Amino acid sequence: MNAIAEVRTQLTRMAPELAKVLPDHVTPEKFERVTLTALQRAPDLLSCDRKSLFEAVMQCAQDGLIPDGREAALTKFGSKVAYMPMVAGILKKVRQSGELSTITAQMVYQADDFQYWIDDEGEHLKHTPEMIRDAGEPLAVYAMARTKDGGVYIEVLRMSDVQKIKASSRGGNSGPWAQWSDQMAKKSAIRRLAKRLPMSTDLETVIQRDDQFYPYQERQVEQATKAVSALTVTDEPVVEPVEPFESEELTTTEEGRSEEHTSELQSHHDLVCRL
């Protein structure tokens, strides 16, 4: 029996456990097909530690995502496999949180008309993409969310910032960074923006999954920034503002030009260990 046939057999054995954690619209059969397709497109994953492969697959299912390269990706790190949430997956979890009216992530190119400013009324952004002439090189990437009450949150990253994130990321020169560089740039902006928004447990889990691919120093900086922003010079208690999140009517703008469940974790782990 070849490697892909072995994996297919083991995924079939996992079907009852997958069914417990997958969202209603994703059947174990569909999840198995998508997983096998991903492995056929990246056969080097089949030579990795098999236990890590099935752990990654189960984590992806627990988060309600599918490893199709858009919602999530199975990635090789050394001799092991890890599951990485992608742009569409994080946006999906944001949408399911139910409090935002819109969220988008876009690249900014040289020929675009782009303005970003902050005043006493908050953050503002105006972006008119160049759709006729050559757009030129990417200069920045941004993520923007609007809450149901009209609040706007914006995160802008220069490409130099994205390059620093890429350089310090695990597998920055391979895997998703090599295959979907624009999507990874957008995801970097979305990750930064998401940390400023109130997160549901499910979204927080997905963000934490993604944190494993980024350096400890970056997480330290983010945590320190949050701590400093919470300081007050008064004796009044600090109350974190709770901003709304995104609804089912969310209008998600994906690429402009280029492109739930934690249930019985121990039983899943035991199942993987037996495989």
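Predicted model: local features only at pLDDT ≥ 70, side-chain atom pairs only at ≥ 80, totals over all residues.
Glu155 is a buried residue, with a relative accessible area of 17%. The whole structure holds 8 salt bridges, and Glu155 takes part in one of them with Arg196.

**Glu155 and its partners**

- The side chains of Glu155 and Arg196 meet in a salt bridge, at 3.3 Å from N to O.
- This pair links distant parts of the chain, 41 residues apart: Glu155 belongs to strand S7 (residues 152–158), while Arg196 sits in the loop between helix H7 (181–194) and helix H8 (201–211).
- Arg196 is partly exposed, at 36% relative accessibility, whereas Glu155 counts as buried because its 17% falls under the 20% cut-off.
- A network of salt bridges joins Glu123, Glu155 and Arg196.

**Lys80 and Asp49**

- Where is Lys80 placed? Lys80 is in strand S2, which covers residues 80–85.
- A salt bridge connects Lys80 with Asp49, and their closest N and O atoms are 4.0 Å apart.
- Setting aside residues up to four places away in sequence, Lys80 touches Cys48, Asp49, Ser52 and Thr75.
- Leu45 is 35 residues from Lys80 along the chain, and the C-alpha atoms of the two are separated by 8.1 Å.

**Glu130 and Arg133**

- Glu130 and Arg133 also form a salt bridge through their side chains, with an N to O distance of 3.3 Å.

- Glu71 is found in a loop, between helix H3 (50–62) and strand S1 (72–77).
- Why does Glu71 count as buried? Its relative accessibility is 13%, and buried means under 20%.
- Apart from neighbours within four places in sequence, Glu71 is in contact with Gly64, Leu65 and Ile66, and also with Pro85, Met86, Ala88, Gly89 and Lys92.

Terms used
Residues numbered from 1 in each chain as written. Heavy atoms only, no water. Helix = DSSP H or I, 4+ residues; strand = E, 2+ residues; numbered from the N terminus. Buried < 20%, exposed > 50% of the residue type's maximum accessible area, 1.4 Å probe, protein only. Contact = heavy atoms within 4.5 Å.
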